[in-house]
Amino acid sequence: MWDADVVIVGAGPAGSGLAIQLARKGVRVLLLDKEEFPREKTCGDGLTPRAIAVLERMGLLNELLQELEPYRVEQAVLFSPSGHRWRMHFDHAGFGLPGFGLIVPRYRLDGFLVSKAVESGAEFLGGSQVVGFVRDGRKVVGVRIDSESGGRVVKAPLVAIATGANIGLHRELGLLQSMPPVVLSARGYFTNVSELGHAMEFYFESELMPGYAWIFPVDEKTANIGVGVFPGTGRRKNPYKMLNWFMREGQAAGRLTEARIQGQVKGYPLRTDYPSHPTFGDGFIMLGESIGLVNPVTGEGIDLALESAELAAEAVEHALERGDFSRKTLVVYEKMLRKRFGSYFSGMRVLRDRAVRPEAMDRIIRAASRDPKLARTVAGINLGVISPQAVLRQPKLVVRLVRYLAKRFFRRLNEAD
Ligand SMILES: Cc1cc2nc3c(=O)[nH]c(=O)nc-3n(C[C@H](O)[C@H](O)[C@H](O)COP(=O)(O)OP(=O)(O)OC[C@H]3O[C@@H](n4cnc5c(N)ncnc54)[C@H](O)[C@@H]3O)c2cc1C
């Protein structure tokens, strides 16, 4: 009766990561994507130490290094609005994570992951857009596909949805009526960029706020350069215009005078709203960016997509063992997600709204460059291993925070007079 044990919709890092892990266990997996692969994906292409750790756990890191020859980065450099600079060395952070990150264009990374899913035994169908579900009462028991060769129905007791920021299927399931507040972004590949080191560069410039720019080197001369604009009150800045401004007038402009665009600048939204809707139901689970799992401050989500695939694989195996794909069994997945990501996301959103402001970023970046203990905390927050709420457990930081807020309060009071 079933065409597969599990149908996975979306072959980004979340979907392919899940397909690899399940297929290796002998689960019959059908992996679907609306695009033919390899395909481009608008992204900064940065793999954080946290992403490297998952790839290592999955036994894929060595092959990835050999086959894709990615660019290695050993630090993140954060620039404050007034030009302070803090180097966060990944190998000094000491959180038990690998001491490096990688930059690898998604065209290559996602193509690699899909090929590994197929090697592991999954069936992959590109050019297959899922347009709806097959239902048995309230239960999801399959998907409806539209492809060039026509419509088709595929039946499976469990559907895993990993469709990134595309919320068409969320609407079908009644989980979202409209797009949640997103980060708007634009990025391009630029060649002839000077002084590219082995670092991910983040620029928190006043003109870009609420938002930031990045320069991620793809090789010695080429970089993925982009801008992310956070959701907030008031009129949103246009990320394409902001990128233009950054290239001409930002702190790195001197290094970009000879830079030439390769291809086009492309924009795409980022969902950072986890947990804003259920992540499971009768016969389905959701993972990766399709549940808003993207770091609200840094915009990094490949690591979290891969991690959610690990948790999803565990939950699916549990359901397969019990032969039960109802909410009652799948709730275990939601619990794992909450434990791993719940408080981190709420803390990061507060941090984004309060701290990504010119004055605050100046203070944080300057202080982190001078104070190793603070630096370790900020690094841990950025890498997602310390929840931002932990800041409140450091008395020295609380005193600084109170002083800063008091100063701001009195300045505003004076301005009002
Ligand atoms: C400009 C930009 C810069 C970024 N920079 C970084 C970075 O440097 N590092 C980082 O870690 N993260 C970054 N991110 C975030 C990162 O791209 C995402 O978090 C990550 O791709 C999420 O992976 P995913 O597998 O959940 O979804 P995706 O990678 O988006 O994959 C979803 C897949 O689903 C397919 N799909 C969608 N709908 C359907 C459908 N109905 N039927 C069939 N297939 C469907 C799509 O074609 C796609 O292949 C960036 C994002 C943007 C927009």
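A: The account below begins with the ligand and then turns to the domains, the helices and a few backbone details. The model is a predicted one, and what is said here should be read with that in mind.

The shell around the ligand comprises 40 residues, of which Gly 12, Gly 44, Gly 164, Gly 288 and Gly 301 come nearest. By class, this shell divides into 14 nonpolar, 17 polar and nine charged residues. Several elements of secondary structure each supply at least two residues of the shell: the helices α1 (13–24), α5 (168–172) and α7, together with the strands β9 (128–136), β13 (182–191) and β17 (260–271).

The domain assignment of the chain gives domain 1, made of 6–45 + 105–179 + 273–347, and domain 2, which covers 182–271. Both domains give residues to the shell around the ligand, so the ligand lies between them. The C-alpha centres of domain 1 and domain 2 are 29 Å apart, and the contact between the two takes 12 residues from domain 1 and 16 residues from domain 2. On the side of domain 1 that touches domain 2, there are four nonpolar, five polar and three charged residues.

For α1, the partner is helix α4 (residues 106–119), and the two pack at an angle of about 25° with their axes 8 Å apart. The helices α1 and α4 are therefore roughly parallel to each other, and their crossing is left-handed. From α1, the residues Pro 13, Ser 16, Gly 17, Ala 19, Ile 20 and Ala 23 take part, and they meet Asp 110, Leu 113, Val 114, Lys 116 and Ala 117 in α4. This contact of α1 with α4 divides into seven nonpolar, two polar and two charged residues.

Helix α7 (residues 302–322) packs against helix α8 (residues 327–355) at an angle of about 155°, with the axes 9 Å apart. That angle makes α7 roughly antiparallel to α8, and α7 passes α8 in a right-handed crossing. The residues contributed by α7 are Glu 307, Ser 308, Leu 311, Ala 312, Glu 314, Ala 315, His 318, Ala 319 and Arg 322, while α8 contributes Thr 329, Leu 330, Val 332, Tyr 333, Met 336, Leu 337 and Arg 340. By class, the contact of α7 with α8 holds nine nonpolar, three polar and four charged residues.

Helix α7 also meets helix α2 (residues 49–57), where the two axes come within 8 Å and cross at roughly 35°. The crossing of α2 and α7 is left-handed. Here Arg 50, Ala 51 and Val 54 in α2 meet Ile 302, Asp 303, Leu 306, Glu 307 and Glu 310 in α7, and the residues of this contact divide into four nonpolar, no polar and four charged.

Some backbone details complete the picture. In the loop between β2 (29–32) and β3 (46–47) lies Pro 38, and the peptide bond that joins Phe 37 to Pro 38 is cis, with omega near -5°. Asp 45 is found in the loop between β2 and β3 as well, and its phi is near 70°, a positive value in a residue other than glycine. A further cis peptide bond runs from Tyr 274 to Pro 275, with omega near -5°, and Pro 275 is found in the loop between β17 and β18 (280–281).

Notes:
Residues are numbered from 1 along each chain as its sequence is written. This is a predicted model: local features need pLDDT of at least 70, side-chain atom pairs count only at pLDDT 80 or more; totals for chains, interfaces and linings use all residues. Axes are lines fitted to C-alpha atoms, for helices over the stretch in contact, and angles run from 0 to 180 degrees between N-to-C directions. Helices (H or I, at least four residues) and strands (E, at least two) are DSSP runs, numbered from the N terminus. Angles under 35 degrees count as roughly parallel, over 145 as roughly antiparallel, 65 to 115 as roughly perpendicular and the rest as oblique. A crossing is left-handed if the near helix is turned anticlockwise from the far one by less than a right angle, and right-handed if clockwise. Two residues are in contact if their C-beta atoms, placed from the backbone, lie within 7 Å. Ala, Val, Leu, Ile, Met, Phe, Trp, Tyr, Cys and Pro count as nonpolar, Asp, Glu, Lys and Arg as charged, and the others, Gly among them, as polar. Domain bounds come from an automatic or database domain assignment. A residue is near a molecule or strand if its C-beta atom, placed from the backbone, lies within 6 Å of it.
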